[in-house]
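I opened this model to look at strand pairing, ring pairs and the nonpolar core. My notes follow in the order I looked things up.

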Amino acid sequence: MGTAISLDLADDLPPADLHDLADDVFAWMREVDARFSTYRADSEVRRFDRGEVLLSEASADLRYVLETCADLWGVTDGFFDAYATGGLDPSGFVKGWAAQVASDRLLAAGAVNHFVNAGGDVRVRGCAPSGEPWRIGIRHPWDAMASCLVLTGTDLAIATSGVYERGPHVLDPRRGAPATGLRSVTVVGTDLGVADAYATAALAMGAAGIGWLDRLSDHTHAVITDDARQFHSAALPLTD
């Protein structure tokens, strides 16, 4: 889906086992890309959007994504909209969901200490190779070589949506125009697909997204506005 995937496995397992686990993660990500990439004319999501695949014929994964995106549309008052661009594009959920599934599979396979990064959407569990909690830098929205915040934890799903790489690509579905007001939105929870969708929705809301995020009792957040103001939850797991 036009993004880079990185993986850090920190368990003291035999090298062959670690290679097999990594191969499984990247095979899953390739499967997701083949099914959901909007850049590929032959992907299932594109064929479904063109009417070439009926809902009754769709894969279980596509049906799950469509149902979840519909639920998220309701939860976000329509600001998370997989049809905001006119065609079907569930990427604002799929990238985080795919990394969450990869992390869940690693955990089930006994790799309890890992870091999965799908284009800046990060799922960490357990500890880093040092034995300490993972430290996750949030990219500075004006300096690609710097972090604006560093989070720390052992069980975090961290999703960031911003306009600093692809420009104003997130649409305000009510205006049908690119969202403005927020430069970067980071949402932290336990499910990366949901966190990814919430970050996208808040970015689409513009400045009103800050208040909406404040009302989420089960997530924390950090926001940087277009004029470089920074807001974050008091409970955000910041590094000391």
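How many bridges join E2 to E3, and in which sense do the strands run? I counted five bridges, and the two strands run antiparallel. I note here that the model is predicted.

**Entry: the hairpin and its strands**

I looked at the hairpin of E2 and E3 and found two residues between the strands. Glycine 119 takes a positive phi there, near 60°. Across the pairing, histidine 114 has arginine 125 in E3 as its bridge partner.

I then checked the other neighbour of E2. Strand E2 covers residues 114-118 and pairs with E1 in the antiparallel sense, over five bridges. Leucine 7 has valine 116 in E2 as its bridge partner, and serine 6 stands opposite asparagine 117.

Is E2 covered on one face or on both? Both faces are covered: His114, Val116 and Ala118 are buried on one side, Phe115 and Asn117 on the other.

**Entry: the whole sheet**

I traced the sheet next. It is open, has seven strands in the order E1-E2-E3-E6-E9-E10-E11, and its pairing is antiparallel. Strand E1 (5-9) and strand E11 (230-232) stand at the edges with a single partner strand each, so one side of each has no neighbour in the sheet. On average, neighbouring strands are turned by 10° against each other, direction ignored.

Which helix lies across E3, E6 and E9? I found helix H5 (residues 192-205) across strand E3 (121-125), strand E6 (155-162) and strand E9 (182-189). H5 runs at about 30° to E6.

**Entry: the nonpolar cores**

The largest nonpolar core has 54 residues, and I noted the members that touch the most others: Trp28, Phe36, Trp97, Val185 and Leu213. H5 gives the most to this core, with ten residues. Another core lies apart from it, with 14 residues, among them Trp134, Ile136, Ile158 and Ala222. In soluble globular proteins, nonpolar side chains tend to be buried together.

**Entry: aromatic pairs**

I counted seven aromatic pairs. Tyrosine 64 and tryptophan 97 make a tilted pair, 6.1 Å centre to centre with 35° between the planes. Why does this pair tie together parts 33 residues apart in sequence? Tyrosine 64 lies in helix H3 (residues 60-75) and tryptophan 97 in helix H4 (residues 91-108), so the pair ties those parts together. Tyrosine 64 is partly exposed at a relative accessible area of 40%, whereas tryptophan 97 counts as buried at 8% relative accessibility because the cut-off for buried is under 20%.

Phenylalanine 93 and tryptophan 97 form a stacked pair, 6.3 Å centre to centre and 20° between the planes. Both lie in helix H4, four residues apart, about one turn of the helix. Phenylalanine 93 is buried, as is tryptophan 97. Ring pairs link Trp28, Phe36, Tyr64, Phe93 and Trp97 into a cluster.

**Entry: around tryptophan 28**

What sits over the ring of tryptophan 28? I found the charged end of arginine 105 there, 4.3 Å from the ring centre. Leaving aside neighbours within four places in sequence, tryptophan 28 is in contact with Asp61, Trp97, Ala98, Val101, Ala102 and Arg105.

Key
Residues numbered from 1 in each chain as written. Predicted model: local features only at pLDDT ≥ 70, side-chain atom pairs only at ≥ 80, totals over all residues. Heavy atoms only, no water. Phe/Tyr/Trp six-rings, centres within 6.5 Å; stacked < 30°, edge-to-face > 60°. Buried < 20%, exposed > 50% of the residue type's maximum accessible area, 1.4 Å probe, protein only. Lys NZ or Arg CZ within 6 Å of the ring centre and 35° of its normal. Pairing = 2+ DSSP bridges. Axes fitted to C-alpha atoms, helices over the stretch in contact; angles between N-to-C directions. Contact = heavy atoms within 4.5 Å. Core = buried A, V, L, I, M, F, W, Y, C linked by side-chain atoms within 4.5 Å.
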